[in-house]
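Q: I have a new model open on my screen and would like to learn how to read its features. Could we go through it together?

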Amino acid sequence: MSASSSPTEQSTASGRRITPFSVLDGVVSALAVTFTLYTIYYAYTLMFVRLRYSVIFLGLGVALYYLDVARQHYDEPDDEVPDVADDATPSVIDAESITTLDRIKSAYGRIDPLIAIGFAGLALAATAYVEYHFVRLEQDVHLLGHTQMDLYVGVALIVLVIDATRRAFGNVIASVAVASIIYAHSYVGPNLPGVFRHTGFDWTRISRQGAIELTGVYHDTLMGIGSTWVAIFIMFAGIAKAYGLMDFVLDVGRELGKSLRTGVVQIAVIASMIMGSITGSAAANTATTGSFTIPMLKDQGVDSDFAASIEAVASAGGQMLPPVMGVAAFLMADLLGVSYVNIIQAGVIPAALFYFSVGIGVHFAVLKYGWTSPNTGSFDRRMLLGGIHFVIPLGVLLVTLIYLRYTPLTAGLYSIITIFLVGSLKAAGTTARDNELDGESIIDLGKQAVSGLRTGGLEMAPLVGVLASMGVIIEMVTFTGLSTRVSTTIIGLGDGSLLIVLVLAMIASIMFGLGMPTPAAYILVVVLVAPGVIEMGVPEITTHMFVFYFAMLSAITPPVAISVAIGSRIAGSSFMKSCVQALRLGAPGFVIPFAFVTNNSLIYWSQDTLIAFPVVLAGTVGLIVATIGFDGAHDLSHPVRGIYFLIAFAAMFGSIVHVGVQIAAAAAIVGALAYARFVVGYDHEAERESVDSSVEAD
């Protein structure tokens, strides 16, 4: 080795260089595996009270996230990062084009990974402090009071989780967290007008409430449920991804696209729906599945703005799909104090209404604009054998959750164990079939298992900060009394009208949810908005489903529309055009929550459900026909679309007058669509000839 070699570029005995990336990658892998194993071990032993477990979980998760941020910074080829200072002959124009702001950004970019590493160390140190003093902070501090060091650690924890949230999910939710702290401070609270005024609290009280009293960042529902029920499922999804579940779903989608008239479009919807249910983030799901599905849609001929909207709506709507419901189901069950199975039952019909309407809308759009697939072949059923082993862990998940009614933590534990077993057996069987199963093959199986543990930890790490930040927000708005005053104001503005209260709750839910992950948005609107709706006599689960729906739909609602923004970036389409298409596809989603408030048997199943479900379903189909402007046979004029709107609303809300009105309206929609499909028929070639004019008209 040469004497001039840099310490970070020294060669190992095997000839591999030791770089900042390789060192950080090793540390991240070790910490991610430890993080996942810690969660699994707790699910098996329940060795601590949940609060104490959450303290360590938070520290590990935040430290892992920061180290991964630093690792990603160094994961760049050197030749892709040109340095102006290294240019031997810079031109005058180049030198003048570099502003002071550019220099500051460049300097920050160089030191940012060091800041991230420092914050990771701070997270571990603060966690070690809280763990060491846990008994005192939980029990004795109420008599002895907090030390100055306690308060400093509390502030450090608040700063860490807000910064981690900013890095992982952008400035919106981090700004809300900062604003909630500013709002709670004594310099601001007493000087605000009307409903926002409060006495205010100094920084020591904010530190106590925000963290060191084992509240705020350690909020019992958010961090307690997040570190157990949510974490075990996010890690299960990450492990399943490492064993090839997502690749299998996409491969099946491509194969099905060969034989379906609509090609890969419906498969893209289903894949995004399934993955969106598990990830708990519409934005993250759009980014991951959209990177595969959107190019597939464009290859079939689907316009870029429509491809982006399909992925955005499906990814956002996945949050409502049982049994996971984007992890909101776990939070909802804990907040309401009801069985998790009750939440799943309540979510089934609303999810079916939304996804059936989206499926119909996508189908009609493909026919209307001539984006159909040429049917290049038949589906090869043999490829299903390549992923049939995934049925076992998914079956274990459903049986333990729904039939045996285990807690989500226990069900997730058994599902993770099962996927490790079947994944390893599948890999071992494939290796043994191809060649002899030797020691090297066994080592490869071990590496795959470790890779699964690593992926599971890395999938969960970004969510830890946002759950802790939401705990701070909830603590600030609760102990300042804002949540109670907002609910009272909504009721007052409604002036006794349930419809006005629901509309105000809808607007507030969408506004509070803009730019936020759905679980975080749901928690915020539940605290601020739900009490006012419940005061009007709407049952609790129905109210929570109502605000949850609109918090979810904020992901496709302008001006933020975070899912559409990501989808349009991948598709290379106009953001606003994609938003318009997303609102057309997702239009029933904005009406369905009002329908299940009016038809409560859609949430609380009864004999009336047998009538309410099909008639409301017909109404949602009528609504999507009106927004797309196509009935399966030909384009619809604006007057006809207006008629469909009226009949659709009658099918969804006719029970206010009489159930017979609903049935008659539903029958009219079904009859009209059946006539269009089976009597008028669909002339594909004629539609293809007019596709350009149809696109322009819309």
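Q: Let us begin with the rings: which residues form one aromatic cluster?

A: Rings of Phe, Tyr and Trp (its six-membered ring) pair if their centres lie within 6.5 Å; planes under 30 degrees apart count as stacked, over 60 as edge-to-face and the rest as tilted. Here Phe35, Tyr38, Tyr42, Tyr53 and Phe57 form one such cluster. Before we go on, please note that this is a predicted model, in which local features need pLDDT of at least 70 and side-chain atom pairs count only at pLDDT 80 or more, while totals for chains, interfaces and linings use all residues. Residues are numbered from 1 along each chain as its sequence is written, and side-chain values use heavy atoms, with hydrogens and water left out.

Q: How many aromatic pairs does a search of the whole structure find?

A: The search finds 23 aromatic pairs. One of them is the tilted pair of Phe248 and Phe390, at 6.0 Å centre to centre with 40° between the planes. This pair links distant parts of the chain, 142 residues apart: Phe248 is in helix H10 (residues 245–257), and Phe390 is in the loop between helix H15 (340–368) and H16. Helices are DSSP runs (H or I) of at least four residues, and strands (E) of at least two, numbered from the N terminus.

Q: Why does Phe390 count as buried?

A: Buried means under 20% relative accessible area, exposed over 50%, and partly exposed in between (1.4 Å probe, protein chains only). Phe390 counts as buried because its relative accessibility is 5%. Phe248 is also buried, at 18%.

Q: And what is the geometry of the pair Phe546 and Phe550?

A: That pair is edge-to-face, 5.0 Å centre to centre, with 70° between the planes. Both residues lie in helix H23 (residues 540–553), 4 residues apart, about one turn of the helix, and both are buried.

Q: Which residues have the most contacts inside the largest nonpolar core?

A: In soluble globular proteins, nonpolar side chains tend to be buried together. A nonpolar core is a set of buried Ala, Val, Leu, Ile, Met, Phe, Trp, Tyr and Cys residues joined through side-chain atoms within 4.5 Å. The largest one here has 213 residues, and Phe57, Met460 and Phe546 have the most contacts inside it. Helix H18 (residues 439–479) gives the largest share, 17 residues.

Q: Is Ser563 buried or exposed?

A: Ser563, in helix H24 (residues 562–571), is buried, with a relative accessible area of 0%.
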